[in-house]
Amino acid sequence: MSSSPYMKNTYNVNTDRMTKKTIRIPLLLAGLLALLLPCSLSANPPKPRPPAHTPSQDSAALPYFQQELHYNISVTLDDRQHSLNAFETIEYKNNSPDSLNFIWFHCWPNAYKDQTTALYRQLTRLGKRKDKLKKIKDNGYVDHLDFKIDGITALTQPHPQYSDILKVLLPSPLAPGKRMTITTPFFVKIPSYFSRLGHEDQSYMITQWYPKPAVYDRKGWHEMPYLDQGEFFSEYGSFDVHITLPSAYTVAATGTLKTGSEKDSYEALGRKNLAGDSSGAFLYEASDPNAAKTLDYHGENIHDFAWFADKNLIIQYDTLRLPSGKIIDVFSYHRINGDKQWAHSISYIKDAVLHYSKWVGEYRYPVVSAVEGPGNNSSGGMEYPTITLITSPRAGREELDGVIAHEVGHNWFYGMLGSNEREHPWMDEGMNTYYEFLYEAEKYRANTMLGSMIPPEIRKKNTDDFLNAIYGVFNQLKTIEPIETPATGFDTEFDYGVVEYAKAAVWMYILKKTLGAEEFEKGMHTYFSDWVFKHPYPEDLKNSLEKASGTNLDKAFELLNKNGPFYVPGFF
């Protein structure tokens, strides 16, 4: 990169929302003026390169179906051996028109097994992500698997390429409309924390940890290896998860805590801590720290389950009344010696939920939570249904509010709108970044990616003019790949971040300007209503927006396959 002529002019751009770290992003030589003046869009744009990816078959032409899953998992944490012993029962209903002879299972803890996995190979290839390999003290894996289908032992076959994918052969075909019960024990060795699943001493981040069926939909099977750069796609269902661990731990998890005594304790402590400050925080204390406890969690219409356990978390708690009158629980869990801005985290979470509910559709889950994780190089934040992990230990007020808003926002773009993050990463990261930018602009006239580079005179502008200046800058970013590129189609984390976060947010801004703010918001509400708790594809987003607005959006969606900046007369 040092040989690039564009490196002569750079901004320090915080891309925690993008590649989950701060890097230097080169701008076009005119980029510095973009904050101060309207962008002059070239009348002679560079010749476009062929798209890096051609979207798969138009899903709108295929009958929609969605598989139905119900999980029941009992798991015990061994905090001396850093391991999990568990048993899983999945009730699987085949809503497809096809008879199924096998199920692909994701066994993603095996991604941490050795240097041959797709995860390790990707980290070795992706620039500064190599540094994560230095943090590895313990590898991880899953074993002791013994799949049974309705009580009959099932044969399994390894995936030809990936050790973290397994084919479970069904003893007899599962016909359309029929159900089966899948069971298996499993043992997980928890790796050092360097990607998502892991432990840092006796602080546990238990994510992507259980065997789960891959999505089977109108486009077929979507089995995929675990990657650090590149996220996920999983079937919706219900979860009942029973976590046994030493009583001294505080647990934050997906879904609703159903163990009444523990929930009452968390709420009481949380209210006290919310009323005070972190210097005088009340911590959870078990009556017998050496005893074990079992906590029961339940979640509906979710496609993943994550949990976090630590002995030194400060709980804050409040409730939030949504515009419909529905009241939800709001929790934050942060560290004694962590970022002091977390004292305000409940207000940030609540504000994000209210803004996204207004802009996209009302929050459908009964609880929302955020957890301060250990400060490492894993991420600025990582989302899971109803809960997010934030690892930004030095964030100031505006930045922490922004990253919490972004990660809470993923409850819409990934959580309730379950797109394929690996194949179409812009449908969660880019769309969500657009709303994060709007949130930051309305509250602070700020942008965490540009940070202190924004001149004071720009921060004095109204929201619309401020955003126009910001998007003018981001449209100048040097990019090669089009937005419609799968996560695996990028050679560097830099390109992935710029294209799938920043450039995709620019595209959303163009879409809003094309339709007008009112029609755009109506269209996004229609998209949410049409596809909540389902698996939409790009063409489904397009159809919802066109239905709501009565506008043909062919040209706007063609931009998803455009290389480089957008040259759209009249914008920015």
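1. Lys167 lies over the face of Phe102, at 4.3 Å from the ring centre. The rule here asks for NZ of Lys or CZ of Arg within 6 Å of the ring centre and within 35 degrees of the ring normal. Lys503 does likewise with Phe566: its charged end is over that ring, 5.3 Å from the centre.

2. A word on what you are looking at. This is a predicted model, in which local features need pLDDT of at least 70 and side-chain atom pairs count only at pLDDT 80 or more, while totals for chains, interfaces and linings use all residues. Residues are numbered from 1 along each chain as its sequence is written, and side-chain values use heavy atoms, with hydrogens and water left out.

3. Now the overall picture. The chain has twelve helices and 26 strands; these are DSSP runs, numbered from the N terminus, with helices being H or I of at least four residues and strands E of at least two. Of its 572 residues, 61% are buried, where buried means under 20% relative accessible area, exposed over 50% and partly exposed in between (1.4 Å probe, protein chains only). The accessible surface comes to about 21,400 Å², and carbon and sulfur atoms hold 50% of that; the areas are Shrake-Rupley values with a 1.4 Å probe, and for residues only the protein chains shown count as cover. Take the contacts (heavy atoms within 4.5 Å) between residues at least 6 apart in sequence: 74% of them join residues at least 24 apart.

4. On to a five-stranded sheet. It is open and mixed, in the order S22-S23-S24-S26-S25, with strands pairing if DSSP finds at least two bridges between them. S22 (313-321) and S25 (381-384) are the edge strands, each pairing on one side only. From one strand to the next the twist averages 15°; axes are lines fitted to C-alpha atoms, for helices over the stretch in contact, and angles run from 0 to 180 degrees between N-to-C directions. S22 and S23 (residues 327-335) run antiparallel and are joined by nine bridges, and Gln316 stands opposite Ser332 in S23.

5. What packs on this sheet, touching S22 and S23? Helix H3 (residues 260-275) does, and its direction makes about 90° with that of S22. Leu274 belongs to H3 and is partly exposed, because its relative accessibility is 31%. Leaving aside residues up to four places away in sequence, Leu274 touches Gln316, Tyr317, Asp318 and Ile346. The C-alpha atoms of Leu274 and Tyr317 are separated by 6.6 Å, although the two are 43 residues apart along the chain.

6. Last, the aromatics. The count is 46 pairs, taking rings of Phe, Tyr and Trp (its six-membered ring) with centres within 6.5 Å; planes under 30 degrees apart are stacked, over 60 edge-to-face and the rest tilted. Tyr363 and Trp412 make a tilted pair, 5.4 Å centre to centre with 50° between the planes. Tyr363 is in the loop between helix H4 (345-359) and strand S24 (367-372), and Trp412 in the loop between helix H5 (397-409) and helix H6 (429-444), 49 residues apart. Both Tyr363 and Trp412 are buried.

7. Phe437 and Phe474 give a stacked pair: 5.2 Å centre to centre, 15° between the planes. Phe437 is buried at 1% relative accessible area, and Phe474 counts as buried because its relative accessibility is 4%.
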